[in-house]
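The following note sets out numbered points for a colleague who is examining this model. Each point takes up one part of the structure and should be read with the coordinates at hand.

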Amino acid sequence: MSLYHYTNYDSYWKIKNAKCLNATNTINGLGVFFTTSNPRQYSKDETCWKGGASRKLQEKRVDYYIELAHVDLNQFGRVRGDAIYKSEKPINLDEFHWTSGKNSSWSSPLVVAGIATTAVIAVPLILSGIETGLQLYKSYND
């Protein structure tokens, strides 16, 4: 199982340079918070809604992520359901298999699928329309 910690640009670089996520005090108590929402499967809005991070979204604090891969979930406490986990102690990234990245190019898989479907349907129709237009133009000039 992978867990994801979402953050802003400044905190992302601090985390990467220190290789450590420090606990912060929130309405859910002191901790480092993670979600199971994968940025490659959900849009920013979907991830924040599922993870209960609507305030983070509004404050633009989800543009970057830290992913902890192959995590033993028993190391973390559950905050809410099965989507939010927390560690009450700092997370040393050297103790995990981890990756990170920027989320600015996120797009919902449904949106991407919709665009692809539209292209598959629209392109032949447009080409068909051009061909019909050319035939009409040709017959008018003959």
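1. The nonpolar core. In this predicted model, the largest nonpolar core comprises 15 residues. The residues with the most contacts inside this core are L21, F34, I66, L68, F76, I91 and L93. The elements α1, β4 and β5 each give two or more residues to the core. Strand β5 supplies the largest share, namely three residues.

2. I66 and its surroundings. Which residues does I66 touch once its neighbours within four places in sequence are set aside? The contacts are L3, Y4, H5, Y12, I15, L21, L93, W98, T99 and S100. Two of these, L21 and L93, are also among the residues with the most contacts inside the largest nonpolar core.

3. Strand β4 and its partners. Five of the seven residues of β4 are buried, so this strand is largely enclosed by the rest of the structure. Strand β4 pairs with β3 (residues 24-26) in the antiparallel sense, over three bridges. The two strands form a hairpin with two residues between them, and N25 stands opposite L30 of β4. Strand β4 also pairs with β7 (residues 84-87), again in the antiparallel sense, here over four bridges. In that pairing, F33 stands opposite K86 of β7. As background to these pairings, side chains in a regular strand alternate between the two faces of the sheet.

4. The K86 pair. K86 also takes part in a salt bridge: its partner is E88, and the closest N and O atoms are 3.9 Å apart. Are the two members of the pair buried or exposed? K86 has a relative accessible area of 14% and is therefore classed as buried, the cut-off being under 20%. E88, in contrast, is exposed at 60%.

5. Salt bridges across the chain. A search of the whole structure finds three salt bridges. In general terms, side chains of opposite charge can pair when their charged atoms come close. R40 lies in the loop between β4 (29-35) and α2 (44-51), whereas E67 belongs to strand β5 (residues 64-69), so the pair ties together parts that are 27 residues apart in sequence. E67 is buried, with a relative accessible area of 9%. A further salt bridge joins K19 and D94, with the closest N and O atoms 4.0 Å apart. This pair links distant parts of the chain, 75 residues apart: K19 is in the loop between α1 (9-18) and β2 (20-21), and D94 is in the loop between β8 (91-92) and β9 (97-102). D94 is exposed at 56% relative accessibility, while K19 counts as partly exposed at 36%. For any reading of the K19 pair, it should be noted that the salt-bridge criterion is a distance within 4 Å, and that the stated separation is 4.0 Å.

6. The ends of α1. At the start of this helix, a side-chain oxygen of N8 reaches to within 3.4 Å of the backbone nitrogen of D10. The helix is followed by K19, whose phi is positive, near 55°.

7. H70 lies in the loop between β5 and β6 (77-80). Is H70 buried or exposed? At 67% relative accessibility, H70 counts as exposed, the cut-off being over 50%.

8. At 12% relative accessibility, N38 counts as buried. A polar contact of 3.1 Å joins the side chains of N38 and Y4. Y4 is also one of the residues in contact with I66.

Methods: Residues numbered from 1 in each chain as written. Predicted model: local features only at pLDDT ≥ 70, side-chain atom pairs only at ≥ 80, totals over all residues. Heavy atoms only, no water. Salt bridge = Lys/Arg side-chain N within 4 Å of Asp/Glu carboxyl O. Buried < 20%, exposed > 50% of the residue type's maximum accessible area, 1.4 Å probe, protein only. Polar contact = N/O pair within 3.5 Å; in protein donor to acceptor, adjacent residues only side chain to side chain. Pairing = 2+ DSSP bridges. Core = buried A, V, L, I, M, F, W, Y, C linked by side-chain atoms within 4.5 Å. Contact = heavy atoms within 4.5 Å.
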